[in-house]
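Subject: Structure handover

Hello,

I am passing on the structure below, with notes on what was found in it. Please read the notes with the structure open beside them.

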There are 2 protein chains.
Amino acid sequence: MEASNPSPWALLTDLYELTMAQSYLREGMHGEATFSLFARTLPPGRAYLVAAGLEDVLRYLQGLRFSPIDLDYLGSTGIFGADFLEHLKGFRFTGSVWAVPEGRLVFPNEPLLEVTAPIPEAQIVETYIINQVHLQTTIATKAARCLWAAGGRRLVDFSLRRTHGADAGLKVARASYIAGFESTSNVLAGRQYGIPIAGTMAHSYVSSFPEEIDAFRAYARTFPDASVFLIDTYDTLEGARKAAVVAREMEVAGHRLRAVRLDSGDLIALSRAVRKVMDDAGLVYVGIFASGGLDEYELETIARAGAPIGGFGVGTKMGVSADAPYLDMAYKLVKYAGHPVLKLSTGKVSLADQKQVYRGADAAGQLREDTIALRDEGMEGADQPLLARVMEGGRILHSLPSLDEIRLRFQDEFARLPHRYKALRGAPQYPVRLSPGLSALQSRLEHQLAAVAPDP
Amino acid sequence: MEASNPSPWALLTDLYELTMAQSYLREGMHGEATFSLFARTLPPGRAYLVAAGLEDVLRYLQGLRFSPIDLDYLGSTGIFGADFLEHLKGFRFTGSVWAVPEGRLVFPNEPLLEVTAPIPEAQIVETYIINQVHLQTTIATKAARCLWAAGGRRLVDFSLRRTHGADAGLKVARASYIAGFESTSNVLAGRQYGIPIAGTMAHSYVSSFPEEIDAFRAYARTFPDASVFLIDTYDTLEGARKAAVVAREMEVAGHRLRAVRLDSGDLIALSRAVRKVMDDAGLVYVGIFASGGLDEYELETIARAGAPIGGFGVGTKMGVSADAPYLDMAYKLVKYAGHPVLKLSTGKVSLADQKQVYRGADAAGQLREDTIALRDEGMEGADQPLLARVMEGGRILHSLPSLDEIRLRFQDEFARLPHRYKALRGAPQYPVRLSPGLSALQSRLEHQLAAVAPDP
């Protein structure tokens, strides 16, 4: 249970959330609404998402307050009435949340979370909820793909310089750690989340010395037991030979060079040549670390070639999810004032009512099939319900799991997902079916709507 | 000139910036370094970038301090010595910055900014500088493409829910406004930057009423002079007819419906049919506004078809720059301790030394050609120098321009860029040449390096 500090993000919302809220209040509409957050479809050839972002959502909901500065600004726009501003002054989120725990797998149309609250409250919080879950789920998924492709080699988040802003820098470090990255270069993420931090040296460091070898010697003096030399500033193999010279000087002083880093060129060929330089110098313990425009496709190629690279710095393409920088994720009204709600506009059917997801596995624990059901349908079979009640009356119900717990949860579940769904390209769709109760409701509502709307 | 508030972002840096700084200090290396920030190449078929993000960089540099919490954390990692932590305690950025003003066009290899400071300082600030300029330049460029494609129709930033986090939400609103967007849905961006805010209504609003027409009537009661009805929740043409009914009821009460909004389907065909519904009802003044997965390519198609749509909400694909979510942007050491520096690793040649860019135009003011020169080369011709000195001794030199000034600066310069460079696809490269002085230096350094490195 966290203390409720005023949120700096109360106005980080779309204007229409507030105008609609004013209209609901003027109309006396305080009915209980449930909104469901889900991804309609995934990028082509992908089967799964890794749920992430819930902790930020819960802290936001619990701490949401409009500050006097916020209210002054809203008043100055001329859009809002004194009645509504007065209402916002005492605004609290009083609703409940059911959610998929962070780190669990999610498939298309399955709710990542469902918010139930008086409709003005549930509406106002839409934008921030999508913003955080969308980003962190996008990145955790991309990072999981990288981990899988790298076949067990260790990965370090190097993306901060090109993530989309400061918040993304932090959230990318968090989400990639959930998916199994070992560490991050982002020092603030280290402070904030306790994620291990890591780094090597830059080309500028090497360039600022008269000779490359001087740079290696200087760094070794500062970090005698924690040095990784960047060897591609001028010529990679020549750099490797100089690194080997300095590594043997370090040995004499009782220290060990940790690794050398490649950041350009043909990483497979270069890593083999550099490995030979090191081995020939008796430096079998010096690792090879590589970086430079890597993503899951490159990592898979390198891993399959069996290149002697022990770890990778993965930056930009993971940090912006370069080939799929957004998801088709929506927050839809599914129930209002006791009635299930359906929206039917072109190509965008959503599943009505409050829902639960049951995850079926075989006897060996391998994931088999999911069922989306009504929350109260009572599907007591062998399958495990995926969504848990995590907030009630605007208060976080349980202490939030640590990042390491979330990371283990992901590891455990991902190990139980059959390999074919993990393919980087052309993965088949994971089987997700609707329960009898949800199917029946869905058909009934679709018929009703078709009867109302004359032009199909 | 802004007050110097402690920065919350001091640790938003890559670990290696700090380890290298510790090593520089241990080695007694305080020499003056110049780093240059530039884009090596642009995404295929694109000719220009729109510079943005400088204001955030300057405020960061001026306010940069390490807090006691930061220092405690750094101490706890075991990576840093007491000498270095003591140094960080009193750390100030004391350097100078030359930069391209925000809103100006920039072409490949032209420095967006150059930082000169003692090397540990210039190194530590690298990550945040790239992070902010990279994001805002990426988005301002994407937004400029949207504006150009929309052929003068007004555009509204609708991206907040799917930008990469909170900071990106704000910076996307800022950058798209610089490029000519009229307003944003992001309320906090309205408060923080004074950008006009705008919005309509969501499908959930319509769904929460028994009938679509009830929703329109309710919204018109709350916002009698500022309503835009979303008409595609059930059936778009039926929705248009109901909107027309309510619009005429509003007329009777002395009000006017502003517009209707389409958010799905074939926007060209639907807008024509909806226009006819409105015109037939005598509602020629009711505008049509469209949204839903739009980017510059869609906007161009719609604009070329002459669809009767007056404005667009442009969201996700602009806000994440979906087809080019990152740039090949680097911050490279170009001068150290009085000597120009070159880096030559595979495929990554950079331009040495402190530089200036001269922008050539023809007699009519149309942009013709840029020249990258040495900063002190003295190219006093007709051409205008692009980079200005904006920070000296760690202090911002001039009061920062307003967002509206930056926006006008962009508008003016973009109007002078020949149309062929604005093409959405296959734009030719803009001519950028090197000055005699820079060419000569570059050849000399490349020869020197080739002589040093035996394996080319």
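The model is a predicted one. I begin with a run of parallel strands in chain A.

Strand β9 (residues 259–262) of chain A runs parallel to strand β10 (residues 287–290) of chain A, and four bridges join the two. One of the paired positions is A:A259, whose bridge partner in β10(A) is A:G287. Between β9(A) and β10(A) the chain passes through helix α12 (residues 267–280) of chain A, making a right-handed β-α-β crossover.

β9(A) also pairs with strand β8 (residues 228–230) of chain A, again in the parallel sense, over three bridges. Here A:V260 of β9(A) stands opposite A:F229.

The crossing of α10(A) and α11(A) is right-handed. On the α10(A) side the contact is made by A:E212, A:I213, A:F216, A:R217 and A:A220, and on the α11(A) side by A:G239, A:K242, A:A243, A:V245, A:V246 and A:M250. By type, the residues of this contact are seven nonpolar, one polar and three charged.

In chain B, the notes concern an open sheet. Seven strands form it, in the order β13-β12-β1-β5-β3-β17-β18, with antiparallel pairing. At the edges stand β13 (339–340) and β18 (395–396) of chain B; each has a single partner strand, so one side of each is left without a neighbour in the sheet. Within the sheet, strand β1 (residues 32–39) of chain B and strand β5 (residues 113–118) of chain B are antiparallel and share six bridges. B:T34 has B:T116 in β5(B) as its bridge partner. Helix α6 (residues 126–150) of chain B packs on this sheet, where it touches β1 and β12 (329–336) of chain B, and its direction makes about 135° with that of β12(B).

Last, the contact between the two chains. Chain A and chain B each contribute 85 residues to it. On the side of chain B that touches chain A, helix α1 (residues 15–26) of chain B gives the most, with eight residues. That side of chain B is made up of 40 nonpolar, 29 polar and 16 charged residues.

Regards

Terms used. Residues numbered from 1 in each chain as written. Chains lettered and ligands numbered in written order. Predicted model: local features only at pLDDT ≥ 70, side-chain atom pairs only at ≥ 80, totals over all residues. Contact = placed C-beta atoms within 7 Å. Nonpolar A, V, L, I, M, F, W, Y, C, P; charged D, E, K, R; others polar. Pairing = 2+ DSSP bridges. Axes fitted to C-alpha atoms, helices over the stretch in contact; angles between N-to-C directions. Left-handed = near helix turned anticlockwise from the far one by under 90°. Right-handed = clockwise from strand over helix to strand, strands pointing away.
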